[in-house]
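Hello,

Here is the structure to be handed over. Notes on its aromatic rings follow below.

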Amino acid sequence: MRIDFELVKTILLVFLVSLSLLLTFGIWTYQGDYESSSSSSATDAELNGEEETKKNLVQPSQIVMHDGNALLGFSDSQDELEVFQDISQWALYDFDIIPEDEDIEIDESSHVIELIFPTSIPASLINEVFTTDDSMLYDSKFKRVYIYADENQSSQQVIFKNREQDGISIRASVQNLTQVVEYYNRLSLVYDLIPFLEVELANNSSVYITEGEVNIAGKQFRYETIDPETTNFRTIFFRRPSTIVNTRNAEGNQVLGDNQREVVLNGYAMEYTNFYPSENQQEEQESSFERTANTGDFLISSSIEYINSHKGWLTGQGIQYRLFNLSEVSNKVDYRMVLENYPVFSRGNEGLSMMSVMYKNLDEYQYVRPLVQLTKPYDRGQTDLMSGQELYDYLHQTNRISFNQIIDIQLGYRMEQQGQVFDFIPTWCIQTYAGWEYITTEANAVTQGGETNAMGPN
């Protein structure tokens, strides 16, 4: 039988062409071996950080003692952590609303421990931050807590003060008031307490600053960066990393994006935006909101859960994060970096020293955070800053800033990159209605102090 070689070649050619078309189609339609998720924040990739709790994140930014006419604070801010840990274990009971016609006063005979929080805290968190019975059922807020160390104080032994006009303040009793009195009397024996000044500010509130010299040392840190090019990083924010497109924005920053989300890289910080929250995620968030029934509590609970989902708290070496600002108007919550219990600020790029989560339609809409892990610390010398009294006098005399525009004063660190290290330089930080500003911005690396007329915006 004669074989028709032309027919064989034709069949073979058709087979090869068909195989080529199938391979080409497979390449075009390949999406990568990634798990699709109904959640707007993709899968369970991690940043190798830690998880955090409300109890660790919601803490006072300052603790002071009222001893008659004297106002005392801690020379070492880290001592406040130990004191608050003790206070949070005191058993509180018999919660009640303070009637509007009852004043909250600290008179010359009062012995009071005052806790100052950096932002108004939902009262629903009292049960999680303090030790309480089941009588704390009130929906309110508080920014300051007054604990009266007086055995003759039959009521209002603990007051959760709401600073808002017409806001509801809450009172409670302490189970062992004698223990509180003894603890108060022992504070000056155990800790180094120093005089503080009360400074009245523009927003009908006040802050406390150390009266004398400042005791705070600078530090330097080596660091490791988080690589945004890795699949692990991209899977946190994108459901299908294979569809990500790399571009540049008008400022020259790298932008990672698909048709629903984007991550803008700004130096060692990033800003994630989710333009289209998924329906499934929104249903989950609505269920979470119904459980809390409080916008502030929802924002705190959801943001902590979100950051925990990818272990995003890059802590250690004295670095922690604290709840710093909570806005129910913009649906935004900020967690600021603190070093040895002092707040950290980063000019021009707040994402270096703060994590912020903003919500829209009950879903994570924007997320700002650092992309750097601080590793080995190096001690620096003592600071050469103005004393609290000198700062107070300077702010009243300078024409660089109107005193009636100041709404907060913090002793903390400014964070600056210097080659292979980040400098944490002790600085007086002033908040006005325009934002945070530094005193002594011209500080050099030797004294870490600066010109008393130097000021710069943050």
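Are Tyr-306 and Tyr-367 buried or exposed? Tyr-306 is buried, and Tyr-367 is buried as well (buried means under 20% relative accessible area, exposed over 50%, partly exposed in between, with a 1.4 Å probe and protein chains only).

The model is predicted, so local features need pLDDT of at least 70 and side-chain atom pairs count only at pLDDT 80 or more, while totals for chains, interfaces and linings use all residues. Residues are numbered from 1 along each chain as its sequence is written, and side-chain values use heavy atoms, with hydrogens and water left out.

Rings of Phe, Tyr and Trp (its six-membered ring) pair if their centres lie within 6.5 Å; planes under 30 degrees apart are stacked, over 60 edge-to-face, and the rest tilted. The count is 25 aromatic pairs. In one of them, Phe-142 and Phe-160 are edge-to-face because their ring centres are 5.3 Å apart and their planes stand at 75°. Phe-142 is in strand β6 (residues 141-148) and Phe-160 in strand β7 (residues 158-161), 18 residues apart; helices (H or I, at least four residues) and strands (E, at least two) are DSSP runs, numbered from the N terminus. Phe-142 is buried at 2% relative accessibility, and Phe-160 is buried at 1%.

Tyr-306 and Tyr-367 are also edge-to-face, 5.1 Å centre to centre with 75° between the planes. Tyr-306 lies in helix α8 (residues 295-309) and Tyr-367 in strand β20 (residues 363-370), so this pair ties together parts 61 residues apart in sequence.

One aromatic cluster is formed by Phe-84, Phe-95, Phe-117, Phe-130, Phe-142 and Phe-160.

Regards
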